[in-house]
Amino acid sequence: MIKVQNLVKRYGSKCAVDNLGLEVQPGEIFGLLGPNGAGKTTTIRMLTTLCKPDSGTIEIAGHDLRIKRDAVRRLIGVVPQERNLDLELTVQDNLMVYAGLYQLDKRRQRVDACLDLFGLAAERMTQADKLSGGMQRRLLIARALLSQPQILFLDEPTIGLDPQIRRGIWDSIATLRNEGVTIVLTTHYMDEAAVLCNRIGLLSNGRLRMTDTPGNLQISAGSFMVEAPDSNGIKRTLCPDREQAEMVAALLPGALIRPANLEDAFIALTGQEL
Ligand SMILES: Nc1ncnc2c1ncn2[C@@H]1O[C@H](COP(=O)(O)OP(=O)(O)O)[C@@H](O)[C@H]1O
Ligand SMILES: [Mg+2]
């Protein structure tokens, strides 16, 4: 569904996206996981035609983005990182205006369907600035789905939200995958990537360090983590199996063994924390 090769974007001397390549299969949820400044938003903006790469190629559903920009725009939905709702309009009118912009058929029915899907039907007459952060995020996703896109891009869909509200949004995103929508999301939350994504690309300083399933990424870095207090704080050692973890722990006073997680893998592979 998506094929990216040798993608580069520079801002002055800063290489925000550095020779990035990836492929996303139909129906997959692909996650770009990386800390602030890794290049997630820049990548999403290039994939969604909002900014032009310095070099490299992007194909979306077989369309070369350099040539078929409008065709691609009709196929995709975009949920930006910043909340760009019309805060003075009601929930319903935010969607109606957008449906009008996109010249959708049966606007009212599409709007109602999206309100229902995202649990916003009861809030339809509420002014958008009166909604909670979680509800605003839902409205942004509902808006991106009005045109029934084949591919949905979500840039940090749950940033700054409470854990319980994040889970609700995860459920909604998982529902979309079950309906066959291909999804690309970015996140700096290890748990979000692990729960939602079929495959994850680890992004650090504009470079994609590794791409694999959450399980394989974790295993490739080490399955068990030994943590022991030392003079600088905590000493951490990743081990491939429990036997080795126990050997390491036996040498370190106060050591604890726990299963490794995706964040451990990220640090091991990139030297950076999420
Ligand atoms: N419009 C811009 N002008 C200059 N530098 C930018 C611009 N957009 C992004 N950058 C820089 O590019 C890098 C990647 O940014 P971004 O893609 O927003 O990362 P992320 O979304 O992963 O936090 C950062 O160092 C950021 O400061
Ligand atoms: Mg960003």
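The model is predicted: local features need pLDDT of at least 70, side-chain atom pairs count only at pLDDT 80 or more, and totals for chains, interfaces and linings use all residues. Residues are numbered from 1 along each chain as its sequence is written, while chains are lettered from A and ligands numbered from 1 in the order in which they are written.

**Ligand 1**

- The residues around ligand 1 (C-beta atom, placed from the backbone, within 6 Å of the ligand) are Tyr 11, Lys 14, Ala 16, Gly 34, Asn 36, Gly 37, Ala 38, Gly 39, Lys 40, Thr 41 and Thr 42.
- At least two shell residues come from each of β2 (14-24) and α1 (40-47); helices (H or I, at least four residues) and strands (E, at least two) are DSSP runs, numbered from the N terminus.
- With three residues, α1 gives the most to this shell.
- Six shell residues are polar, three nonpolar and two charged. Ala, Val, Leu, Ile, Met, Phe, Trp, Tyr, Cys and Pro count as nonpolar, Asp, Glu, Lys and Arg as charged, and the others, Gly among them, as polar.

**Domains**

- The protein splits into domain 1 (2-212) and domain 2 (222-270), with bounds from an automatic or database domain assignment.
- Their centres, taken over C-alpha atoms, are 35 Å apart.
- Eight residues of domain 1 contact six residues of domain 2; contact means C-beta atoms, placed from the backbone, within 7 Å.
- On the domain 1 side, α7 (190-196), β9 (199-204) and β10 (207-212) each supply at least two residues.
- α7 gives the most to that side, with three residues.
- That side of domain 1 has six nonpolar, one polar and one charged residues.

Key:
Two residues are in contact if their C-beta atoms, placed from the backbone, lie within 7 Å.
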